[in-house]
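Colleague: I am new to this structure and would like to go through it slowly, asking at each step what a word rests on. Could we begin once it is on the screen?

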Amino acid sequence: MKIKGAVLREINKPYSIEELELEPPKEKEALVKYAYTGYCHSDYGNLIGNVKLLLPIVAGHEGAGVVEAVGPGCTKIKVGDHVVATWMVPCGECPECRRGMGNICSGNFKNFVEGTLLDGTSRIKDKNGKMVRHGNFVSGFSNYTVAPESGLIPIPKEFPLEYACLMGCCIPTGWGTVTNCAKVQPGDRVAVYGLGGVGLNVLRACVLRHANPVIAVDIEKDREDLAREFGATHFICNAKEDPVPRIQEITGGGVDYAFEAIGDAGAQIQAYWSTGNAGKLVLIGLTPHYQTTNIPLQVTPFQQKTIVGTLYGMISTHIDIPRLTHMAMTHDLKLDKLVTKKFKLEDINDVVEKMSKRQICGRWVCAWD
């Protein structure tokens, strides 16, 4: 079938909006018509080469839509289901999966980075009949996709799909980081560096777990209002002042948890120095593959600090995404404030430009017909 998608063919070049050919689903795969797809900072990082990818690839890893067809052997989803697409599909057999860490599955990691489905092939071809790769099993910036059944999470049909797409990445990454990795407790002192989609969900999770204070740090001053809407007790613009002494003063010695949700080496150093004795620096953002961070390691044992990386909030997709969807339907996760703009696929390169200039506040989502 003919589909439309945003194809990344060269690093640091605009997406190419193309008509593509999509093959039908094979065994334990499904055809999904997307309704909404979020534009994540990781999408921008992929475009500028922060992560090494095989190209060409249909971009996008944060999508939600409706199942239109299923391949042989599908038992968990059916035609008409509303689903969230996930960008990590655990194999269930590798050492990580057997230890309950499917978010860092090694069995399917090769497919993840090479842009194929679980059988090592793609269902997408361009107009010349050449293979185009899937963006992390999701290919969110195409109006239709084929995805593994095990990478699709059914959700209630009454849950708005414009918010459901965020269940594919920024919501579970943010919430899982706070609840599964850091395990923030009431009264813990926290700082959140970077108030994109993930950072705002980290912030909201800390607030609803009754952390105090909850200090938001961002290079853009105009993100203060949204940070406070999500519950921040303090806001610091680190383009105007060094946040470390302010945080040390506010907390009386440093935070218990500093979350870095950008992948910026300078912010990581600031976040490290923001922690107090026995504090934990939690790295969420993906730093460019060629970049290193100068953190003074001798201080780490003396002050019993911890530096930990986390991927996808350490979630179990089939357990945590339904739980978070239920939470979003019964509690105020501020999702109506999180989605700040909708755009059409043809405008995706304008979105890239806005993100490069740090002009996006909250999450922008692509609205399909």
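**Words and the values behind them**

Modeller: Leu324 lies in helix 11, where helices (H or I, at least four residues) and strands (E, at least two) are DSSP runs numbered from the N terminus. This is a predicted model, in which local features need pLDDT of at least 70 and side-chain atom pairs count only at pLDDT 80 or more, while totals for chains, interfaces and linings use all residues. Residues are numbered from 1 along each chain as its sequence is written, and side-chain values use heavy atoms, with hydrogens and water left out.

Colleague: Why is Leu324 called buried?

Modeller: Buried means under 20% relative accessible area, exposed means over 50%, and partly exposed is in between, with a 1.4 Å probe and protein chains only. Leu324 has a relative accessible area of 8%, and therefore counts as buried.

Colleague: Which residues is Leu324 in contact with, leaving aside its neighbours within four places in sequence?

Modeller: With contact meaning heavy atoms within 4.5 Å, and with those sequence neighbours left aside, Leu324 is in contact with Met167, Ile171, Pro172, Trp175 and Leu333. Of these, Ile171 is 153 residues apart from Leu324 in sequence, and the two are 8.0 Å apart in space, C-alpha to C-alpha.

Colleague: What makes Thr325 count as buried?

Modeller: Thr325, which also lies in helix 11, has 2% relative accessibility and so counts as buried. Leaving aside its neighbours within four places in sequence, Thr325 is in contact with Ile155, Pro156, Phe159 and Met167.

Colleague: How do you know that the span of helix 11 agrees with its number of residues?

Modeller: The expected span of a helix is 1.5 Å times one less than its number of residues. For the 14 residues of helix 11 (residues 317-330) this gives 20 Å, and because its end C-alpha atoms are 20 Å apart, the two values agree.

Colleague: Why are the buried residues of helix 11 said to line one face?

Modeller: The buried residues of helix 11 are Thr317, Asp320, Ile321, Leu324, Thr325 and Ala328. Seen down the axis, they fall within an arc of 135 degrees, so they line one face of the helix; the arc is that of the directions from the helix axis to the C-beta atoms. What covers them includes strand 10 (152-155), helix 5 (170-182) and helix 12 (335-338), whereas the face turned away from the buried side carries the exposed residues Arg323 and His326.

Colleague: What puts the buried residues of helix 8 on the same side?

Modeller: In helix 8 (residues 243-251) the buried residues are Pro243, Val244, Ile247 and Thr251. They cover an arc of only 100 degrees around the axis, and therefore sit on the same side of helix 8. Among the elements that cover them are strand 12 (214-218), strand 14 (255-260) and helix 9 (265-274).

Colleague: Why is Trp87 called buried?

Modeller: Trp87 lies in the loop between strand 6 (82-85) and helix 2 (95-98). Its relative accessible area is 8%, so Trp87 is buried. Leaving aside its neighbours within four places in sequence, the residues in contact with Trp87 include His61, Phe112, Asn136, Leu311 and Tyr312.
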